[in-house]
Amino acid sequence: MLQTMTETAHTPASPGKRMLSEQVYAHLRDAIMRGDHAPGDALKPQELARERGVSLAVVREALVRLVGEGLADRLPNRGFAVPAFSDRRWQQIAEARRTIEPVVLRMSIERGDVDWEARVRATHHRLARTPAYAPKEGAHYTGAWSEAHRAFHRTLLEGCGNPVLLETFDRMWTASELARRFAARRTPDRDGVDEHRRLEEAALARDADTAAEVLAQHLTQTAVALTGPTHHEPPKDA
């Protein structure tokens, strides 16, 4: 009997439940990223389960996954919510990125080869040519621009040749994605195109000091935007 109970306790979720949870997770993630849920909005499992026609357990599993990625908060005795602008975590993530990424960029500039230079140029070109906004994709960045943005920043650091540092970058990038989207709507006059251009130029010129300084400033702008006044105009670009 004990063996049977133990086996039952460790029985993995059925493929059907996993698939439903994946679908709900993807739906919620996209909705939060599009800005369908405002900062601080409650994410009520019962309502979400009813809307999606799934069990409460499936929705909770998806929400817990979003919490792990920094796209939702779990509130004691209050369920789940979209992180707020004032969430201290955004500033902590920004501090971590400002501490780590300029150092990795210096390593990348020192170690990167000609193939790395070509990838930096190619990913910057794609980023510069990809529209950041589209009416059908909500208030925040398009999926295509977000991926081009991630690819450019990651490629800048890939010359370091250290997979552990790149894994750290990947985790921090995912955790800060929502803050980045929030910040863009609050700083419409920010010239992200110029910031990215300066990053590319300094990296390809092998000017580690300038590149590290520009990257640190670039990362700081996002964190500052979340604590400054709100502007309602759409940004010129990102």
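# Helix packing and burial in a predicted model

Q: Is Arg 206 buried, exposed or partly exposed?
A: In this predicted model, Arg 206 sits in the loop between H9 and H10. Its relative accessibility is 31%. Buried needs a value under 20%, and exposed needs one over 50%. Arg 206 therefore counts as partly exposed.

Q: What value does phi of Arg 206 come near?
A: Arg 206 belongs to the loop between H9 and H10. Its phi is positive, and the residue is not a glycine. The angle is near 60 degrees.

Q: How many helices and strands does the protein chain have?
A: From the N terminus, the elements run α-α-β-α-α-β-β-α-α-α-α-α-α. The secondary structure comes to 10 helices and 3 strands.

Q: What percentage of the residues in the protein chain is buried?
A: The chain has 238 residues. A residue is buried when its relative accessible area is under 20%. The buried share is 42%.

Q: What share of the contacts with a separation of 6 or more joins residues 24 or more positions apart?
A: Start with contacts in the protein chain at a separation of 6 or more. Then keep those between residues 24 or more positions apart. They account for 72%.

Q: Are H9 and H10 roughly parallel or roughly antiparallel?
A: H9 covers residues 192-204 and H10 covers residues 208-225. They pack at about 155 degrees, with axes 8 Å apart. Angles over 145 degrees count as roughly antiparallel. So H9 and H10 are roughly antiparallel.

Q: Is the crossing of H9 and H10 left-handed or right-handed?
A: The axes of these two helices lie 8 Å apart. The handedness describes how H9 passes H10. The crossing is left-handed.

Q: How many nonpolar, polar and charged residues has the contact of H9 with H10?
A: H9 brings Glu 195, His 196, Arg 198, Leu 199, Ala 202 and Ala 203. H10 meets them with Thr 210, Ala 211, Val 214, Leu 215, Gln 217, His 218 and Gln 221. By class, the contact has 6 nonpolar, 5 polar and 2 charged residues.

Q: With which side chain does the side chain of His 218 make a polar contact?
A: His 218 lies in helix H10. At 7% relative accessible area, it is buried. Its contacts beyond four places in sequence are His 149, His 153, Arg 190, Glu 195, His 196 and Leu 199. The polar contact, at 2.4 Å, is with the side chain of Glu 195.

Q: How are H5 and H7 oriented to each other?
A: H5 spans residues 88-111 and H7 spans residues 143-158. Their axes are 7 Å apart and meet at about 60 degrees. Angles under 35 degrees count as roughly parallel, and roughly perpendicular runs from 65 to 115. H5 and H7 are therefore oblique.

Q: Into which classes do the residues of the contact of H5 with H7 divide?
A: On the H5 side are Glu 101, Val 104, Leu 105 and Ser 108. On the H7 side are Leu 156, Leu 157 and Glu 158. They divide into 4 nonpolar, 1 polar and 2 charged.

Q: Which residues does Thr 155 touch, not counting residues up to four places away in sequence?
A: Thr 155 is part of helix H7. It counts as buried because its relative accessibility is 6%. Its contacts are Trp 116, Arg 119, Val 120 and Thr 123.

Q: What distance separates the C-alpha atoms of Trp 145 and Leu 127?
A: Trp 145 is in helix H7. At 2% relative accessibility, it counts as buried. Leu 127 is 18 residues away along the chain. The C-alpha separation is 6.7 Å.

Q: What distance separates the C-alpha atoms of Arg 89 and Ala 179?
A: Arg 89 lies in helix H5 and is partly exposed at 23%. Its contacts outside four places in sequence are Gly 70, Ala 72, Asp 73 and Pro 83. Ala 179 is 90 residues away along the chain. Between the C-alpha atoms the distance is 9.6 Å.

Q: How many Å apart in space are Glu 22 and Ala 62, C-alpha to C-alpha?
A: Glu 22 is in helix H2, residues 15-34. Its relative accessible area is 38%, so it is partly exposed. In sequence, Glu 22 and Ala 62 are 40 residues apart. In space, C-alpha to C-alpha, they are apart by 6.9 Å.

Note on methods:
Residues numbered from 1 in each chain as written. Predicted model: local features only at pLDDT ≥ 70, side-chain atom pairs only at ≥ 80, totals over all residues. Heavy atoms only, no water. Axes fitted to C-alpha atoms, helices over the stretch in contact; angles between N-to-C directions. Helix = DSSP H or I, 4+ residues; strand = E, 2+ residues; numbered from the N terminus. Left-handed = near helix turned anticlockwise from the far one by under 90°. Contact = heavy atoms within 4.5 Å. Nonpolar A, V, L, I, M, F, W, Y, C, P; charged D, E, K, R; others polar. Buried < 20%, exposed > 50% of the residue type's maximum accessible area, 1.4 Å probe, protein only. Polar contact = N/O pair within 3.5 Å; in protein donor to acceptor, adjacent residues only side chain to side chain.
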